[in-house]
Amino acid sequence: MSALLDSFRAGFSALRDPDALELGEGRRQALDALLADGLPGPREEAWKYTPLRTLERRGFAAADAVPPAFDASLLEGIPAPRLVFANGRYDATHSDLSGLPAGATVQALSQVLADGEPRDANFLLRRYERRDEVFARANAALAEEGAVVRTEAGVKAEAPLHLVSVGVPQDGDRAWHLRHLVHLRNDSALDIVEHQLAAGDHAHLSTEVLQLHLGQRTRIRHARIQADAARATRFARTDAVLAREAGYRRFDLELGAALSRNELNVRLEGDAATLIANGVLLGDARRHVDTRLGIEHIARDTACGLTWRGIADGRSRVVFHGGIGIRAGADGTDAALSNKNLLLSADAEIDTQPVLVIDADEVKAAHGATVGQLDANALFYLRSRGVPEARARRLLTVAFCREPLLALEDDGLRALLLARLDAALASGSLGGDDA
């Protein structure tokens, strides 16, 4: 058995109460399946471009029961309502749930496990049958913290809810597993911003699974900023189900971690449900950035628009898989995927896989992917106007990344993400030096 799987088995033994709310059997089944099937190898199509050979030799101790302290200035600019987790533990000191509207409830999963009813936590019993769902299985077996968000019908929250996960340096490498549930009932609306941050250099591992259920005519805007430590390992997954006329707008900004993988799975199960999911992936140094989309159009007259941009510099590797499936009977579907990438170094690599499977009639669908370099003519033009080369390259790179951001309807959120993007480009090898 690999060191990684052995540490997951030890982590199960360290759970505070694995049988809470009748979850014990389901947790053990997930762990048994994980240990029996092991880690996927390079012949597994879903992991073909993200090998786990190095990771499987590493072991991770379970996170401490008490959240570690960190400098509160890291949360500057993240207002209430917010739920904060430090090394996978609920941090009541830095959390602030003021400003939630009536009819909306937000709880830490640990509170639900301690005080709730079995039905309140039955979402944790979801089974992951495929061997390639290895880290979802680990999460199902080991998660004992996260956010549980529910709204009553007709509730419309004005202020975004911020979910903040902070990685804090500690002795040794730690692992934690967060499980979130967001359940919006009919005619409700909510904005969520996920912040995945680092309070210093560390090499911890985290898994994070979000289950999102949107009722009829619900609206959600969801932004995710992944800015973890340069040596961190992070596996994130979102599974969303949309009912009739539900609308889901999503933006992902991948800035950090040595190895990160983000999976977005969306099922448009109700007629006229819509999805807009855009993102920007930044790879530099030796970072490995992997994003995998699985969008299933099941009902009639559904629509999705997917606009993603990738940048690879240094010796980094950026991987993108954009899968769209249009089921039989999903007539009237309108689906579009665009994945454009910039390769800024001869030592970097970009792998992109647009996939479109159509089993319905009367649909409109398009997908495309490109890999190229900065426009030499545009770069020459800026240089001829006195702009230093490094600044010219950064200006063109920022412009390349702006299109996915334009779909954001919230001006404040768009400004926040642009600022984070520009800072990342300016501070790393992608931005260069203006001197």
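This is a predicted model: local features need pLDDT of at least 70, side-chain atom pairs count only at pLDDT 80 or more; totals for chains, interfaces and linings use all residues.

Residues are numbered from 1 along each chain as its sequence is written, and side-chain values use heavy atoms, with hydrogens and water left out.

| Helix pair | Angle | Axis distance |
|---|---|---|
| Helix 1 (residues 3-13) and helix 2 (residues 24-37) | about 165 degrees | 11 Å |
| Helix 5 (residues 376-384) and helix 6 (residues 389-405) | about 135 degrees | 9 Å |

Helices are DSSP runs (H or I, at least four residues), numbered from the N terminus; axes are lines fitted to C-alpha atoms over the stretch in contact, with angles from 0 to 180 degrees between N-to-C directions.

Helix 5 is therefore oblique to helix 6, a class left for angles that are not under 35 degrees (roughly parallel), over 145 (roughly antiparallel) or 65 to 115 (roughly perpendicular). Ala378, Leu379, Leu382 and Arg383 of helix 5 meet Glu389, Ala392, Arg393 and Leu396 of helix 6, where contact means heavy atoms within 4.5 Å.

Turning to the rings, five aromatic pairs are counted, a pair being rings of Phe, Tyr and Trp (its six-membered ring) whose centres lie within 6.5 Å. Trp47, Phe135 and Phe235 form one aromatic cluster. Arginine 261 lies over the face of tryptophan 47 at 3.7 Å from the ring centre, and arginine 309 lies over the face of phenylalanine 400 at 5.8 Å; this placement requires NZ of Lys or CZ of Arg within 6 Å of the ring centre and within 35 degrees of the ring normal.

Definitions and conventions:
Rings of Phe, Tyr and Trp (its six-membered ring) pair if their centres lie within 6.5 Å; planes under 30 degrees apart count as stacked, over 60 as edge-to-face and the rest as tilted. Helices (H or I, at least four residues) and strands (E, at least two) are DSSP runs, numbered from the N terminus.
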